[in-house]
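Take a look at the chain below. The text that follows starts from one side chain, moves to its partners, and then steps back to the whole fold.

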Amino acid sequence: MKGNDNHLLLIQDGYFSWTETNNNNEFVNTIGGVVNQRGNQLNLIIQFNADDGSIVGESFSTSYSVDGNELTTRHPEGHTMNWVRIPEEDQGLAGVWRITGRKTNGDVSSMTRRPRKTYKILTAGHFQWVAMNTENGEFSGTGGGTYTFKDGVYTENIEFFSRDNSRVGASLSFEGKIENGDWHHSGKSSRGDPIYEIWSKETDYINN
């Protein structure tokens, strides 16, 4: 959902991210974590914050209301934020994915589950990857934008990138497939390095 000024809010499967860019499409900040709804309250547990890792693990609540395609929330500082839903079309990848393996020279290496992790949040048409440590609050980077997934080709259109604002506007395409519930994609990274990554859907954001 697009919000006041240059704010993007993604909510998917009990997880959220809120990213701010400036008028030059330069990354400013991102914050996110677990979200659940009770009555007219959204309850949040912060798992990453690029600007202030000290609040990772803290809980917050905000009142909210929905009117058609518009969402209204209260900022922690007290002012109102208005969000408008961005039209999207389901492409079969929506979910919160965690990188769990890589393939090198035909061999798959699995990643040990630990507080240092990388998530990729996919709504029906937007994506954001986040590298974080949920134990010490360390933030390692993020990027996101829109994506398409059609005929085995997954393409990301970058709208923000914390490590290198010059990448905004670029598109990256990968071969993609769902195999045994995992999402495999291969191609070249934003730096041109060959990659083959395996992502698994995350369901327990707190204990893993």
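Is R113 buried, exposed or partly exposed? The model is a predicted one. In it, R113 has a relative accessible area of 41%. Buried would need a value under 20%, and exposed a value over 50%. R113 therefore counts as partly exposed.

Now follow the R113 side chain to its partner. Side chains of opposite charge can pair when their charged atoms come close. R113 forms a salt bridge with E202, at 2.6 Å from N to O. E202 sits in the segment after β16 (194-201), while R113 belongs to the loop between β9 (107-110) and β10 (116-122), so the bridge ties together parts 89 residues apart in sequence. The two ends differ in cover. E202 has 8% relative accessibility, so E202 is buried, whereas R113 is partly exposed.

K120 pairs with E156, and their closest N and O atoms are 2.7 Å apart. K120 lies in strand β10 and E156 in strand β13 (residues 153-161), so this pair links distant parts of the chain, 36 residues apart. Both K120 and E156 are buried.

Next, turn to K177 and E179. Their side chains also meet in a salt bridge, 3.1 Å from N to O. K177 is partly exposed at 39% relative accessibility. E179 is partly exposed too, with a relative accessible area of 33%. Elsewhere, R98 joins R113 and E202 in one network, through salt bridges that share partners. The count for the chain is four salt bridges.

What about charge as a whole? The chain carries 19 positive and 27 negative side chains. The centres of these two sets are 5 Å apart.

Step back to the fold. The chain has 16 strands and zero helices. Its C-alpha atoms fill a box of roughly 55 × 35 × 30 Å along the principal axes. For 208 residues, a compact globule would have a radius of gyration near 17 Å; the chain has 17 Å, which agrees.

Cover and contacts complete the picture. Of the 208 residues, 43% count as buried. The accessible surface is about 11000 Å², and 42% of this area belongs to carbon and sulfur atoms. Take the contacts between residues at least 6 apart in sequence: 40% of them join residues at least 24 apart.

How values were computed:
Residues are numbered from 1 along each chain as its sequence is written. This is a predicted model: local features need pLDDT of at least 70, side-chain atom pairs count only at pLDDT 80 or more; totals for chains, interfaces and linings use all residues. Side-chain values use heavy atoms; hydrogens and water are left out. Helices (H or I, at least four residues) and strands (E, at least two) are DSSP runs, numbered from the N terminus. The radius of gyration is taken over C-alpha atoms; the globule rule is 2.2 Å times the number of residues to the power 0.38. Buried means under 20% relative accessible area, exposed over 50%, partly exposed in between (1.4 Å probe, protein chains only). Contact means heavy atoms within 4.5 Å. Accessible areas come from the Shrake-Rupley method with a 1.4 Å probe; for residues, only the protein chains shown count as cover. Lys and Arg count as positive and Asp and Glu as negative; His and the chain ends are not counted. The place of a charge is taken as NZ of Lys, CZ of Arg, CG of Asp or CD of Glu.
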